[in-house]
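Trainee: Could you walk me through how to read the packing in a helical model?

Mentor: Gladly; let us look at it together.

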Amino acid sequence: MNLALRDIRHGLFRFVLTCFGLGLLMTVVLSMIGIYNGLVADALAVVKAPAADVWVVESGTKGPFAEASNIPLTTRDAVVRMPGVAEAGAISFQNIESAHAGASLRLYVIGHEPGHPGSPSRIVEGRGIGTSHFELVADRKTGLLSGETIRLGRNRFIVVGLVEGAMNAGGDPAVYITLADAMALQTELDPAAQRVQAARGAVSVKSASVAAVIARVAPGADVELLTATVRQWKHLAALTQAEQEEILVSSVVDLARRQIGLFLGILLSVSAVVIALIIYTMTMEKLKQIATLKLIGAPDRTIIGLIVQQALILGASGWGIGLMLILTVKDYFPRRVVLEPFNVIVLAGIIFAVCIAASGLGVRAAMKVDPATALGS
């Protein structure tokens with residue numbers, strides 16, 4: 001006879017309700033872990049997508065993600081001629097808001113040269129950009145569908161393909177357009193302002209500027225030597241892929257990452273206290289039954305097994321319910337939720353340790369119970 005299971009069946013509704021409540025708490029814990037991972041994943045998504053080895057940016061800046069960077073478009077031609085460079089492409093980034101389907105849609109616009117580094121890495125639906133103007137590839141999170149059109153600036157673009165996981169550090173979904181369209185979008189003015197510029201004979205400096213030039217090196221080429229060579233040019237700086245990723249994590253999203261991490265630590269502490277209180281309370285409610293077991297000669301290991309098994313069943317049920325719920329709803333979160341197997345296993349280990357520790361408190365109380373208590377009213 002398993003006393004733990006028989007006791008659970010005796011108060012099944014209450015136990016199931018307790019497991020469900022604990023499962024909801026575990027859902028919140030897992031969601032915070034997923035949001036923490038998702039924040040870092042979103043920040044690195046755009047910088048990892050081009051699979052570049054070197055980022056050439058404006059001198060004195062940390063790249064196009066940490067601060068503004070503007071370099072001449074002709075830099076691409078100079079970089080591609082350098083020894084060890086296999087291919088290079090110019091790229092630009094900008095945030096815009098566009099009206100679509102009666103709502104305001106915030107987008108992260110990536111201008112690239114089709115066929116060069118910086119193009120969408122994997123199209124999951126439709127095709128890549130095939131013309132020089134007015135086509136775009138969008139991330140699914142934009143809500144745009146293949147064949148739809150959307151207005152960017154004064155022009156309408158047709159969605160020809162969809163990608164997944166292309167976002168900036170702020171969680172804005174990305175759209176890819178040609179570099180020519182992106183540069184025109186950056187320098188667009190209203191018609192009246194354009195006439196004033198034309199009357200003054202002004203020429204936009206940014207019209208021939210890009211945020212960065214990304215390069216892929218040939219097999220066996222020395223990336224460090226290439227970046228050191230670029231840094232010798234007075235108006236340019238160079239970052240390796242690893243350095244660019246480090247800047248994003250340690251600078252751009254560092255404050256948000258630390259805040260979410262702190263909140264997650266507090267939430268885990270609260271969860272541990274709640275689990276311990278539930279298990280301890282369940283034990284204290286059975287003190288008379290435990291006294292009866294002692295009175296009829298039940299060994300201590302039977303009583304310890306009753307408490308420990310119930311604690312582990314409670315913890316495992318809460319963990320399982322929480323995992324099932326977060327896997328069901330995670331795709332509906334406005335920000336990406338990334339749950340890795342390692343995170344789930346670590347949380348399971350934490351719950352196991354908390355359940356064992358909490359059952360230890362219950363066992364200590366149970367061992368102090370006087371068998372004569374069973375004979376009282």
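Mentor: A nonpolar core is a set of buried Ala, Val, Leu, Ile, Met, Phe, Trp, Tyr and Cys residues joined through side-chain atoms within 4.5 Å, where buried means under 20% relative accessible area (1.4 Å probe, protein chains only). Here the largest such core has 28 residues, and M26, V29, I275, I279 and L314 have the most contacts inside it. This is a predicted model, in which local features need pLDDT of at least 70 and side-chain atom pairs count only at pLDDT 80 or more, while totals for chains, interfaces and linings use all residues. Residues are numbered from 1 along each chain as its sequence is written, and side-chain values use heavy atoms, leaving out hydrogens and water.

Trainee: Which helices each supply at least two residues of this core?

Mentor: They are α2 (12–48), α8, α10 and α11 (341–367), helices being DSSP runs of H or I, at least four residues, numbered from the N terminus. The largest share, 10 residues, comes from α2.

Trainee: What does I279 touch?

Mentor: Taking contact as heavy atoms within 4.5 Å, I279 touches A311, L314, C355, A358 and S359, not counting residues up to four places away in sequence.

Trainee: At what angle do α8 and α10 pack?

Mentor: Axes are lines fitted to C-alpha atoms over the stretch in contact, and angles run from 0 to 180 degrees between N-to-C directions. Helix α8 (residues 254–284) and helix α10 (residues 300–329) pack at about 140°, their axes 10 Å apart. That makes α8 oblique to α10, since angles under 35 degrees count as roughly parallel, over 145 as roughly antiparallel, 65 to 115 as roughly perpendicular and the rest as oblique.

Trainee: Which residues meet there?

Mentor: I278, I279, M282 and T283 in α8 meet I307, Q310, A311 and L314 in α10.

Conventions. Buried < 20%, exposed > 50% of the residue type's maximum accessible area, 1.4 Å probe, protein only.
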